[in-house]
Amino acid sequence: MGSKTAFSEKTLYDYQLEDLGKIFNCLKESPDDLNLLYQLPTGGGKTVVFSEIARRYIEETGRKVVVLTHRIELSLQTSRMLEGFGVHNKIISSEVKELTDEDRYQCFVAMVETLNNRLQEKAIELHGIGMVIIDEAHYNSFRKLFKYFEKSIILGVTATPLSSNIKLPMKDHYKKLIVGESIASLIRKKFLARAKMYSYDVSLKTLKLGINGDYTVKSSDALYGNHQMLGKLLGAYEELARGTKTLIFNNGISTSKYVYETFRKAGYPVRHLDNKNTASERREILDWFSQTPDAILSSVSILTTGFDEPSVETIILNRATRSLTLYFQMIGRGSRILKDKEEFTVVDLGNNIARFGPWDAPLDWQEIFHFPDFYLENIRNDEDIEREFIYEMPEALRERFSKSQVIDYDVKEEYKKTFAQGRKSKEVLERSIEQHARMCVENSADIFQARMLAKLLQEEIEFRVKQYSYCIMNNTQNYRDWLQEDYERKLRLRISQMYAARM
């Protein structure tokens, strides 16, 4: 499976060794101030690879290495990993005001802001730095440090070589991209768990795009904090993930708190975490999450990097994003493999899978790196995604209607037929109501049970109404809401009429 490296206790796998070979070959053939970018999926072991690069580079050249991260947790993890590879290093944290023992170390780990401040104040001067390794290189905070290391090799490492800022493409700062193993290949070789992916139809019309090119927190809170969406989230959890260790990603603190309240009231073990929590609160919450088998953790994007909890079984994307990086980071939190975990569940409530494709689908990273504008312009827009969404009744719900021979109904097809015959379009919904009423009556013992079944059809009713409103070119939210209420009222009435006829 893997081969031991001479100086360390760490095992490097074949694909990691292959990438190391590519990187060092590239460095040999290039000038000493090359800016190189290396891509490897979340869970592929980026820290392991660059720790071995640091070790080997120091050994072969005698020059020093700086590793840059953007969060203190990542600095601590990186420092520990480097020590495991026999690379003696010092963390330049906010407590380090000056560097009196610089000569004792061959490697330094620093947070961007801290190092930038010390270099600006001239409190620290780093000598003999041959290589700077940048973890999570798609963030733009690192650029301000480039000017201090113009004579050094810069190696950026990321799972997604696409800049977090549209206006600052990575190709402007890195000369070459080396692409590592793909997600599909890592799944095949049993390094990553396989994702079972489920999408729910969500209308994102009310979401607004912010200055950074992603949806604003304010508009996300308004959509995902409303009663209907919280109900949809809880229903999705109960249908697909009940009893599993679940991580829920939200786009706003107030949404996450509503999610926490919703699950708490439903009697589930749940906690909420955001960047306002103190370090000790955060540690306590994450320990609880780690130790509780069916724990649910509702969070805001704080856990997208540097958080490693292999026992996560379900990831719920309770938000929409236009950031490919964030999409991969969120799902990647569930992809760690364990001896009794080979797959995990992804529940998407933000049309993200339709926007970016399945998590393990092949991507041409070279093309995305060289032509980011082209890629970003061609991300599918929300209206197209919504129009093409196909509702599939969940298996468990289908079982409840097992006595009915026909439970499918294609609104678009029915509309075409009705239109071609010159009949009124409202007949399309009348036939749909008739079919739903029949299904409820056929599969229940009394009228109360039939009404209960009608309530379970809410998702499908919403989908049919939406399809119908596209057909008749009247797609305003108010009209759709009215149509749905009218549909549900007529369905209850029709069920009552059918039972009255039976009597």
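Hi everyone. Of the 503 residues in this protein chain, 53% count as buried, where buried means under 20% relative accessible area, exposed over 50%, and partly exposed in between, with a 1.4 Å probe and protein chains only. Before going on, a word on the source: this is a predicted model, local features need pLDDT of at least 70, side-chain atom pairs count only at pLDDT 80 or more, and totals for chains, interfaces and linings use all residues. Residues are numbered from 1 along each chain as its sequence is written, and side-chain values use heavy atoms, with hydrogens and water left out.

Now the overall picture. The C-alpha trace of the protein chain spans about 95 × 45 × 45 Å along its principal axes. The chain has 20 helices and 15 strands; these are DSSP runs numbered from the N terminus, with helices (H or I) of at least four residues and strands (E) of at least two. Taking contacts between residues at least 6 apart in sequence, 73% join residues at least 24 apart, a contact being heavy atoms within 4.5 Å.

Over residues 27–179 the chain is 27% helix and 24% strand, and the end C-alpha atoms sit 15 Å apart.

Let's zoom in on two residues. The first stop is Val-346, in strand E15, which covers residues 343–348. Is Val-346 buried or exposed? Buried, because its relative accessible area is 0%. Beyond its neighbours within four places in sequence, Val-346 touches Ala-195, Lys-196, Met-197, Tyr-198, Ile-315, Leu-317 and Ile-331. Tyr-468, by comparison, is 122 residues from Val-346 in sequence and 29 Å away in space, C-alpha to C-alpha.

The next stop is Arg-355, in helix H11, residues 352–356. Why does Arg-355 count as buried? Because its relative accessibility is 5%. Which backbone oxygen lies 3.0 Å from a polar atom of the Arg-355 side chain? That of Gly-350. Setting aside neighbours within four places in sequence, the contacts of Arg-355 include Leu-204, Tyr-215, Thr-321, Arg-322, Arg-380 and Asp-382, as well as Gly-350 itself.

Key. A polar contact is a pair of N or O atoms within 3.5 Å; within protein, one must be able to donate a hydrogen and the other to accept it, and residues adjacent in sequence count only if both atoms are side-chain atoms.
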